[in-house]
Amino acid sequence: MIKGRLMVPGDKSISHRAVMFGAISKGITNIKGFLTGADCISTISIFKKMGIDIEMENTCVKVNGKGLYGLSAPKEILDCGNSGTTTRLVSGILSAQNFTSVLTGDKSIQKRPMNRIIAPLTLMGAYIKSNNGFAPLTITGSSLHGIEYNSPVASAQVKSAILLSGLYADSSTTVIEPAKSRDHTELMLKKFGANLNTTKTSVTINPCKELFATDIDVPSDISSAAFFMAAATLVPDSELILENVGINPTRDGVIKVLKDMGANIEIIKSNDEFEPVADIKVSYSKLHATTIGGDIIPTLIDELPLLAAVASMAEGKTIIKDATELKVKESNRIKVMCEELSKLGVNVVETEDGMEIEGTNKLLGNVTISTHDDHRIAMTFAVLGLISDGEIKLDNKNCVEISYPGFFDDLRKVNI
Ligand code: S3P
C-alpha cells in the first residue's frame, strides 16, 4: 500500500519561468524549491550562454539578472534538450534581442510544431527561420509591434512566447485563447513588475521599461504529485499526504476529474500565496468512468496519459475528447497510451481527438512498455506496475529525469 507523507519536486513550469524572468530583470532573483530536472537545467544553461550568472545549490538557484536588454549574443547553438517550454518561451525573448541566435533540441523537440509561435512572433516583427516549421530555429531579433492575436490553440507556451515579446513591443499586445491555459506567466510577470490585464480567456501586456528581481518559492508540481494521487487511489488500503502542492486553478483539473471518478481526495491545508498551494490527502477508493473534454482539458493536459491509465481500472467506459494537443507532446500521447495500455489487456480505442477506455479489474503484467523516451509515459506505467498481475518493465527508466529526478526513490519510499 501507499502510505506516509511526500513532498514531490518543484513545479516545472514555474521553475522555468523563474529563471527566464530573473535573467531579464534587474537584480538578484533567489529561487527556492527549483526543479532540478533536465528540462529546467536546459533553461539555466541557455541563459548562462547568454552571459547570465546563475548559481545552483541543491534546489536553491540565484539568478543575477541583467535587465531586459542585458543578454549577450550566444557563441554557440542554444540546446533546449527535450523542453518545449524552453524552446517556445525563449523564442519570445530572443525575438526582441539585437542579435541572431539558434535554438534547437533533441529528436523529440525537432518534431514538435513551432509554426504556432513563428506565426505570431513574425506578425510582431521577428525574423525566424525554421526547418519547415520545426527546430532548429534561427531567430534574428528586431523592434517589435504589439498585436492582438487570436490563438488557435489553448497553449500556455504560445501565449507566454507572445507575452514575453510583448514586453519589448512598441504598443500593447493581447492574446485571446479558445480556453484558458495555465497562467503562471501572467502571475509571475506581475510579481516582476510587468503591467498586465487579464479576462477569462485573454491577456493584455503593456510594453515595459524594466522588470525587477523578486524572490520565488516554487510549489511542488501538481503534475508530479498526480502520479502519487493515482497510486494512492488505485492501491487498496493506501493513505498518503502530498505536501505543498501547487493548486493553481488553471492546473488542478486532475483533482477535479479524479474526484468526479469517486477518488478520495481532501485538501487539508491550503495557503494563498502568489501561486496557491495545499497539502492534499489521498486514500484508496473504487472508481467509476467519466467523460473528460471541453475547457477542462488545458488544466490537466499533462495528466491525461495518467488519467487514461487510471480509467483502465474504473468501472465503465471513460471518454477523453477535445485532446488533439496530446498528439504533439513529448510523444504522440494518444497513440502511445492506446498501444501500451493494450499490452496490459485493456480495451482502448484511439479516436480523432482522444481515446475511449473500457475499465477492467485485472491488468496483465510481464510486459515491456515502450516509453518513447517520454517521462510522463514512463511514470504512468510505473504506477500501473503497482497493481498489475506481473511486472511492468520500462524500456527507458531514465527519461523520468526530465521532470522528476528521484521518482523511483520516492515511489519506493511510500510503497510499503
Ligand atoms: C507548459 C505548457 C503546456 C504543458 C507543458 C508545460 C508551460 O504545454 O503541456 O508541459 O510550462 O507553459 P502547451 O502550452 O503547449 O499546452
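Mentor: A polar contact here is a pair of N or O atoms within 3.5 Å. The model is predicted, with pLDDT of at least 70 needed for local features and 80 or more for side-chain atom pairs, while totals for chains, interfaces and linings use all residues. Residues are numbered from 1 along each chain, and side-chain values use heavy atoms, without hydrogens and water.

Trainee: How far is the polar side-chain atom of Lys-329 from an oxygen atom of the ligand?

Mentor: The distance is 2.7 Å. Ser-13 also has a polar side-chain atom 2.7 Å from a ligand oxygen, and for an N or O atom in the Asp-302 side chain the figure is 2.6 Å.

Trainee: And how much of the ligand's accessible area does the protein cover?

Mentor: The protein covers 95% of the 380 Å² that the ligand has on its own (Shrake-Rupley method, 1.4 Å probe).

Trainee: New topic. Which residues does the UniProt "binding site" annotation cover?

Mentor: The unreviewed entry lists Lys-12, Gly-84, Arg-112, Gln-157, Arg-333 and Arg-376. Such annotations may be inferred rather than shown by experiment.

Trainee: Is Arg-333 buried or exposed?

Mentor: Arg-333 is buried because its relative accessibility is 0% (buried is under 20%). Arg-333 belongs to helix α10, residues 333-343 (a DSSP run of H or I, at least four residues).

Trainee: What about Arg-376, buried or exposed?

Mentor: Arg-376 counts as buried at 3%, and sits in helix α11, residues 375-384.

Trainee: Which residues does Arg-376 contact, leaving aside neighbours within four places in sequence?

Mentor: Its contacts (heavy atoms within 4.5 Å) are Lys-12, Ser-223, Phe-227, Asp-302, Arg-333 and Ser-403. Arg-333 in turn touches residues including Asp-302, Met-355 and Arg-376.

Notes:
Helix = DSSP H or I, 4+ residues; strand = E, 2+ residues; numbered from the N terminus. Buried < 20%, exposed > 50% of the residue type's maximum accessible area, 1.4 Å probe, protein only. Polar contact = N/O pair within 3.5 Å; in protein donor to acceptor, adjacent residues only side chain to side chain.
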